[in-house]
Amino acid sequence: MTYNARLLLAGLVILGLLLLPVGQSPAHELSRDQRESEGTAAPPTGTASPPALYLDGRRLEPESPPVIQEGRTLVPLRIIAEALGARVEWNEAARTAIVYRGNDIVRVPLGARAMEKNGAQIPLDVPARIVNGRSLLPVRAIVESLGLNAGWLPQSRAVVIKSSSRTESQTLEIWGYFVQYSERDRKSLNSLDHELSRLDGVALFQYALDGRGNLITTYNPAEAVDKLRAGGKKILALVHNIGPSGNFESQSVHELLTSPEARARAVDGLFRLVTERGYHGINLDLEDVPPGDREAYTRLVSELAGRFRPAGLMVTVSIPAKTADLPGARWSGAYDYAALGALADRIMLMTYDEHYAKGGPGPVASEPWVDRVLAYATSVMPAEKVVMGLAAYGYQWPKAGGPARALPARVARDYSRAQPASLSWDSRAQVPVLKTAGSTLYYEDAESHAYKMMLARRYGIKGVAVWRLGYEESGLFAELERNRY
């Protein structure tokens, strides 16, 4: 995690791919309190474009785009059916579209308020119609005839269709980062009380390494460990190189990595910590590593794997996101994706801070950029080891210039609700943006994360890592769990 991101300590919300009438959020699966706290931002202003159409994470480009009729979205039948291997015929005499898929035969007559599947009648809210020579059906008809799941993303006006549930091996893992600075800091503990059952594992952000390889506990997370152990969750000791200044220390990590004695001391200390406390492994989060220490960083991960793996313990790493291998790059050059993919059990990618506080305004994690990161990562390392980081925060840049202010997503959401006329949707980045007379705010919300979950499905990665426990909005993990399958 970048240092700016760590200041936010926020969580993640994911929209479920639910069958909904246009303009609704997944309210029927949430309580009233959750609906109030998880409401989406206002829709974009201006002339509405035709709804977009996604199937299993990929955007389809039909000749006749979806349309909205009587408050329902109608989508083209043929392009979806054929993408799923079905055959579509048109019976001109009966003015009926016929779909053949496996042993199923579906008949959809134009203008009728019902369709037929294997002889059984299925009522339709809105009849099928012809647009530009193409048959358009209500989403419900597509779902019920082809055995799909569908949802509606209101801000970006997109229909999202899922062809099947993931297999057991494809089910996404859900990881959380636990942070505690004092006995009075109970944010992450409170989150564990409410969300423990939905987590697969937690990384404890409570340990640091100095330049000599000495292990430092910033705060003993004993209460959290008791909760996690009682819940049967995986526990990782996250070890970072943040020093007394509050920043990642490049010089001390250089001293650590380039000294065989310091590395050996670090490996011994971490192994002793994990085995004595009954943890399941470690998460190595060394940042601002000099590019020249690339081989030394890989060597440390190799030494950890050589010590931990024979004992059945996990070695995971949190590393910066990148779209290509540039060994000389200051922030990301030290991380050899291919080598680390062969050594580590999980690779947590920091797929955020595409734009950051000291840079110019822009998305924290645009959908095209995250797409490129995952495309590169899965081309050089096993997809089943890749874990996508998701940010629940934003940056607010003052119009007068200067660095941005970091805001948790819930605060950004409240700002947006208070100024709906200033809110819009960035259709390229697939994120909300709030532009006022005094500032520009880009942030991540439930809908922007829905697009990233589509990427996770498309690339077949292992899971997601939520930063951080304690600042998530109500209902966040419930939404995430609905999308893990």
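Across this predicted model, the mean pLDDT is 87, and 90% of the residues reach 70 or more.

The fold comprises 14 helices and 27 strands. Of the 485 residues, 56% count as buried, and the accessible surface comes to about 19,200 Å², with carbon and sulfur atoms contributing 49% of it. Contacts between residues at least 6 apart in sequence join residues at least 24 apart in 70% of cases.

Leaving aside residues up to four places away in sequence, Ser-416 touches Leu-423, Leu-434 and Tyr-443.

Turning to charged pairs, the model contains 26 salt bridges. One of them joins Asp-325 and Arg-294, with 2.8 Å from N to O. Asp-325 lies in the loop between β19 (314-320) and α10 (337-343) and Arg-294 in helix α9 (residues 294-308), so this bridge ties together parts 31 residues apart in sequence. Asp-325 is partly exposed at 33% relative accessible area, whereas Arg-294 is buried at 14%. Both residues also belong to a salt-bridge network with Lys-322 and Asp-336.

A further bridge pairs Asp-345 with Arg-309, their closest N and O atoms being 3.3 Å apart. Here Asp-345, in the loop between α10 and β20 (346-350), is linked to Arg-309, in the loop between α9 and β19, 36 residues apart.

Conventions. Residues numbered from 1 in each chain as written. Predicted model: local features only at pLDDT ≥ 70, side-chain atom pairs only at ≥ 80, totals over all residues. Heavy atoms only, no water. Helix = DSSP H or I, 4+ residues; strand = E, 2+ residues; numbered from the N terminus. Buried < 20%, exposed > 50% of the residue type's maximum accessible area, 1.4 Å probe, protein only. Contact = heavy atoms within 4.5 Å. Areas by Shrake-Rupley, 256 points an atom, 1.4 Å probe, with all protein chains shown as cover. pLDDT = per-residue confidence, 0-100. Salt bridge = Lys/Arg side-chain N within 4 Å of Asp/Glu carboxyl O.
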